[in-house]
Amino acid sequence: MAPGLDFSDWWAKDTRKGTPVVVKMENPNYSVVEIEDPDGAFRPVEKSRGKNAKKVTWVLLLRAHRAVGCVAWIATLFWALLGTVKKRLIFRQDVAMATEKLGKGKLLFTIIKAFLVTSLMILAFEIVAYFNGWQYFNNPNLHIPRTSDTQGLFHLAYVTWLWFRADYIAPLIQALSKFCVALFLIQSADRLILCLGCFWIKYKKIKPTMEGDPFKLDDVEGSGYQYPMVLVQIPMCNERELSSLTLHQVYEQSISAVCQLDWPKDRLLIQVLDDSDDESIRCLIKAEVATWNQRGVNIIYRHRLVRTGYKAGNLKSAMSCEYVKAYEFVAIFDADFQPNPDFLKKTVPHFKDNPELGLVQARWGFVNKDENLLTRLQNINLCFHFEVEQQVNGVFLKFFGFNGTAGVWRIKALEESGGWLERTTVEDMDIAVRAHLNGWKFIFLNDVKVLCEVPESYEAYRKQQHRWHSGPMHLFRLCLPAIITSKIAVWKKANLILLFFLLRKLILPFYSFTLFCIILPLTMFVPEAELPVWVICYVPVFMSFLNILPAPKSFPFIVPYLLFENTMSVTKFNAMVSGLFKLGSSYEWVVTKKAGRSSESDLLAAAERESKTPNQLQIESGASESELTELNQLKVDPVRVKRVNKIYRKELTLAFLLLTASVRSLLAAQGVHFYFLLFQGLTFLLVGLDLIGEQMS
């Protein structure tokens with residue numbers, strides 16, 4: 001017998017006689033009205049009680065009005081979503097398909113499409129069986145099919161499907177789900193241990209410290225503190241984006257911030273390493289460097305003729321200069337990073353009397369973390385990465401992955417570890433692993449922040465995450481023999497292989513995609529392999545709560561964060577597989593587009609520069625009037641590129657797969673499973689239609 005959709009039990013709960021109904025008011029001046037029986041509402045009451053009853057009625061009406069308004073808002077939002085689906089999927093207005101350049105991406109898309117088509121067929125099969133009452137074998141009215149009877153043939157096919165899925169399909173899915181759940185629990189335990197380590201650091205107030213203050217006047221005069229020679233590098237490539245608050249480019253912000261570092265000018269050299277292939281951008285950067293050079297800053301411009309190896313090749317080429325031998329330390333800042341003037345004074349002194357120290361890493365701060373939902377979700381992830389992962393590994397292991405920027409290296413450590421290599425797109429992680437194998441120690445400074453940006457569009461964020469998850473797997477293939485044969489302690493080798501690479505770079509995207517995007521929808525059509533509620537609800541929510549602790553202001557976004565992380569598992573799984581099996585995209589670098597957001601100090605500096613007359617600028621840069629006019633025209637009127645929203649096929653296909661599975665879950669009356677699949681499917685739909693982050697059309 002088919003399960004009926006009968007709501008009579010719900011109504012029966014509200015029609016029992018003699019049950020007191022208590023209306024409690026938030027305002028203590030209101031009285032409480034109790035109705036003990038159906039006739040109690042019509043008995044005469046005192047005037048004062050009648051007035052209070054009227055107040056109760058008005059408050060209830062007000063709350064009802066708010067509830068109706070909330071429902072109307074949800075309906076409006078749903079209607080707008082349907083309108084966007086119609087506009088982008090049917091009429092294709094202002095959209096473009098996100099192309100898959102590589103065969104592996106197309107293969108994953110084909111597999112997901114096959115899952116979707118199969119699930120739609122099974123869903124249609126299940127709906128027919130549901131309304132015919134074929135779900136149970138013990139139905140005494142079950143019609144015995146005959147060969148010539150179409151209804152009987154269909155019924156026979158359904159009974160055969162039930163037998164086949166219970167004996168052959170369910171065991172396979174159940175075995176895979178148990179494997180993924182085990183990985184999920186191991187990774188969750190790792191997250192929990194990291195959080196406990198972070199709590200211990202906070203409780204004991206553990207942090208790297210310097211002995212005394214080397215920059216006190218008496219110390220400088222008495223002990224003769226020598227400022228070491230520091231090289232600052234700013235690698236950049238086609239940094240054309242304008243700031244939304246000023247007419248200054250991204251490269252101007254970083255160059256301006258680095259040129260204002262508080263360090264003796266004769267002991268500081270700034271290298272602007274420009275890999276741009278656009279002549280107009282190179283002219284702008286040259287002019288900016290010339291301006292600061294005229295002000296007395298020791299800054300040079302460098303451009304490679306042979307642009308190979310991406311950022312690693314750029315840094316390797318810069319370190320090969322003859323004058324670099326005179327410098328002891330090198331600080332690296334990407335184009336959108338804006339260090340405070342005291343950055344070097346807070347980082348470089350940690351190297352004093354610590355010859356084994358090879359790297360001092362500062363954390364990132366974000367000028368646009370509240371720009372939109374996408375930037376808020378990124379802020380949650382990155383805060384956990386720096387506050388928990390980097391800090392705990394730095395305190396207890398003296399090792400972590402270099403973040404590629406906002407860090408100071410001892411040049412000797414770079415040279416002894418083999419220097420920058422062009423073999424992978426995660427050159428920062430590569431040099432960190434090799435330095436660790438050579439015995440160098442790292443320090444992470446959680447209280448030193450360098451302002452930067454996070455991507456504001458999903459397209460830019462997706463490409464960034466692909467590089468961040470394909471590069472480590474590619475590097476793992478290359479580094480594994482060196483790790484095994486190295487002379488470091490066995491526990492350090494185990495930490496590198498099992499935790500640093502496998503658990504945090506491979507297992508996380510594997511189980512996240514397989515468990516929540518593939519196995520969970522399949523269990524709706526194969527209920528014999530059902531996932532327990534704690535796997536899809538309790539443990540993920542608890543882990544999301546731990547992830548959000550370093551950014552407590554983001555607590556209202558805990559549910560969107562959980563859903564979005566599962567959505568990003570498609571991109572991360574795709575990238576992980578391409579890096580692990582050395583497919584084409586494992587060595588693909590796409591510059592992350594930034595909006596050019598300015599910090600408050602940068603805006604003040606920009607205002608000061610704009611207050612200068614053209615004659616002063618002309619004198620400082622040594623440019624002619626015609627050249628100055630051309631440069632100003634390039635700054636004010638950049639090349640306008642029409643950008644359109646993208647449609648991401650894998651995300652859309654998975655959205656329809658999850659929504660199809662949610663319909664099947666509704667037939668089985670599975671509450672938590674249904675809501676999870678529904679909201680996860682809607683999240684995939686929003687991301688697939690490019691409705692998260694910066695609206696580009």
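1. UniProt annotations may be inferred rather than shown by experiment, and this should be kept in mind for the record used here. The unreviewed UniProt entry gives the annotation "transmembrane region" to residues 64–85, 106–131, 496–525 and 674–692.

2. The structure is a predicted model, with a mean pLDDT of 80 for the protein and 73% of its residues at 70 or more. Among the elements, strand S9 (residues 407–410) has the highest mean pLDDT, 98, while helix H1 (residues 8–13) has the lowest, 39. The pLDDT is below 50 over residues 1–18, a stretch that has eleven contacts in the model beyond near neighbours in sequence. Residues 609–623 also have pLDDT below 50, and here the contacts beyond near neighbours in sequence number 21. Where pLDDT is low, the predicted coordinates should not be read in detail.

3. Two of the annotated stretches can be compared with the model. Over residues 496–525 the chain is 100% helix and 0% strand, with its end C-alpha atoms 40 Å apart; over residues 674–692 the chain is 79% helix and 0% strand, and the end C-alpha atoms are 23 Å apart.

4. A nonpolar patch on the surface is formed by Leu192, Leu196, Phe199, Phe542, Phe545, Leu549 and Phe555, which together have about 620 Å² of accessible area. Helix H4 (150–204) and helix H15 (533–548) each supply at least two residues of this patch, and the largest share, three residues, comes from H4.

5. Phe555, one of the patch residues, lies in the loop between H15 and helix H16 (558–580). Phe555 counts as partly exposed because its relative accessibility is 42%, and that class lies between buried, under 20%, and exposed, over 50%.

Notes. Residues are numbered from 1 along each chain as its sequence is written. This is a predicted model: local features need pLDDT of at least 70, side-chain atom pairs count only at pLDDT 80 or more; totals for chains, interfaces and linings use all residues. Side-chain values use heavy atoms; hydrogens and water are left out. pLDDT is the predictor's confidence in each residue, from 0 to 100. Helices (H or I, at least four residues) and strands (E, at least two) are DSSP runs, numbered from the N terminus. Contact means heavy atoms within 4.5 Å. Patches are made of residues with over 30% relative accessible area and no salt bridge: like charges are joined within 9 Å, nonpolar side chains (Val, Leu, Ile, Met, Phe, Trp, Tyr) within 5 Å. Accessible areas come from the Shrake-Rupley method with a 1.4 Å probe; for residues, only the protein chains shown count as cover. A salt bridge is a side-chain nitrogen of Lys or Arg within 4 Å of a carboxyl oxygen of Asp or Glu. Buried means under 20% relative accessible area, exposed over 50%, partly exposed in between (1.4 Å probe, protein chains only).
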